[in-house]
Amino acid sequence: MKQKLTKWRLFTAVGLLALVLSGCGEPFLSTLTPAGEAGQTAYDLMMLSTWIMVGVVIVVSILFAVAVIKFRRRKGDKAIPKQVEGSHVLEIIWTAIPILLLIVLAIPTVIATFDLADTKAMDKKNEDGTTDALVVNVRANLYWWEFEYPNQKIITSQDLVVPTDQKVYFNVKASDVKHSFWIPAAGGKIDTNVDNVNKMWLEFDNEKAAEADNLFYGKCAELCGPSHALMDFKVRALPQEEFDQWITAMQAVDAEAAEEVPTDPTAAAGQEVFNQKCLSCHAVTTADARPEAARTAPNLANFGDRELVAGILAHNEEELKSWIKNPEQYKPGNKMTGTYGELSDQELDQLAAYLMSLKVE
Ligand code: CUA
C-alpha cells in the first residue's frame, strides 16, 4: 500500500512539473512557432527527421516484441530451435531500408542548407556601393547588440527593426568574444566571430508578426560569460511602410539633431550630465561616424522607443535609474559597471528624463 502511494506521488510530481515547465517561456521565443521562411524550413526538416525516427522506433520495437514473445522458452521445452546463420534476403532488406531513409532525409536537408546559405543578393552592389537587398550588420558585444544598416547609414542597438515579408540579410560578427545570433522564431542560429564575418538571411512573415504584436525575441546562443543568459535583444518586425517611416525618422537624428537641447528642463539638465559622463562611450545620433572599435557601448539615439532597459528590465525611469546606479547587479561582468563614477540622485533623475526623451517615433 505504502509503495503504491509513493509511486502515485512520484507520478503526480512529474505531472505537475511537466505542467509548470510547459507554461515556461515567452510567446514567439520558440523554434516550434516558426514565423518566417527560414524558420519554417528548419521546422519542416526537424519534423521530417522526427517522424522518420518515430517510425523506425515503432517498427523496431514491434519486431523486438514479436521476437521476444514468439521465441521465448516455454515450460518443458528442451529442444534447441533451428540455428540460422546469414540470410541474404534479410540482410538486403535491413541495409536497403536505412539507405532509403537516409536519402529521404538527405535530399531536402541538402537543398535547404544551400538555400539558407544563399546570400548572393548581398554581393550585388549598385554603383554607389549599396545593395538592393536589405542588409544589417550585426555586432555582438559583452552583453549587448549593435545593428548597423549600411545602406541607410544608421546605427542602433538592442532593438533590431526589420520589414516583414522580405529577406533581410545579415553580416554578423563579434567585437570581444564569440557569441551567437539567434532569433528562435525566425531561424538561425549563427556564430558571431571576432575574426570573420558570417552571413545569413531571415524572413519575417507579416501575418505571424501581427500575431506576435510585431515583436520577436532574440538571444545570444553561445556561452560567453557570466551574463550570457541576459544577452537578449528584441526584434520589431514592421510592415514595409512602417519600416520605411522608421528609417526616415532614424535618419533625421543626425549629429546636429542629437545636439538639440530638450524643451523639458529636467531632460535638458540630464543632457548636460550625459555629455559629461556618458557621451564618450554612448552615441545619441544614429549617424555615429566613429569607427567600430570606438563604439564601445550601445547607441542610444532612440532609447525612449526601446522595449526594455538593457535588454532585460522594464522600460521605465525607475528601472533605468536602478540600472545606471548598479549595472553589475543586473548584468554581472558588463563593461558599463563603474566606468562613469558616482551620480547624485538629482543627476540620476535628470539623466533618466533625458534618456527617455530620446525618441524618433
Ligand atoms: Cu553573448 Cu552568450
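These exercises, with solutions, concern a predicted model. Local features need pLDDT of at least 70 and side-chain atom pairs count only at pLDDT 80 or more, while totals for chains, interfaces and linings use all residues. Residues are numbered from 1 along each chain as its sequence is written, and side-chain values use heavy atoms, with hydrogens and water left out.

**Exercise 1.** Find where Glu148 and Arg295 lie, and state whether they are buried or exposed.

Solution. Step one: Glu148 and Arg295 form a salt bridge, with the closest N and O atoms 3.7 Å apart; the term requires a side-chain nitrogen of Lys or Arg within 4 Å of a carboxyl oxygen of Asp or Glu. Step two: Glu148 belongs to strand E2 (residues 144-149) and Arg295 to the loop between helix H7 (265-277) and strand E11 (308-309), so the pair ties together parts 147 residues apart in sequence. Helices (H or I, at least four residues) and strands (E, at least two) are DSSP runs, numbered from the N terminus.

**Exercise 2.** Describe the salt bridge of Asp349 and Lys321.

Solution. Step one: the N to O distance is 2.5 Å. Step two: Asp349 is in helix H10 (residues 345-356) and Lys321 in helix H8 (residues 317-325), so parts 28 residues apart in sequence are tied together. Step three: Asp349 is partly exposed at 34% relative accessibility, whereas Lys321, at 16%, is buried.

How values were computed: Buried means under 20% relative accessible area, exposed over 50%, partly exposed in between (1.4 Å probe, protein chains only).
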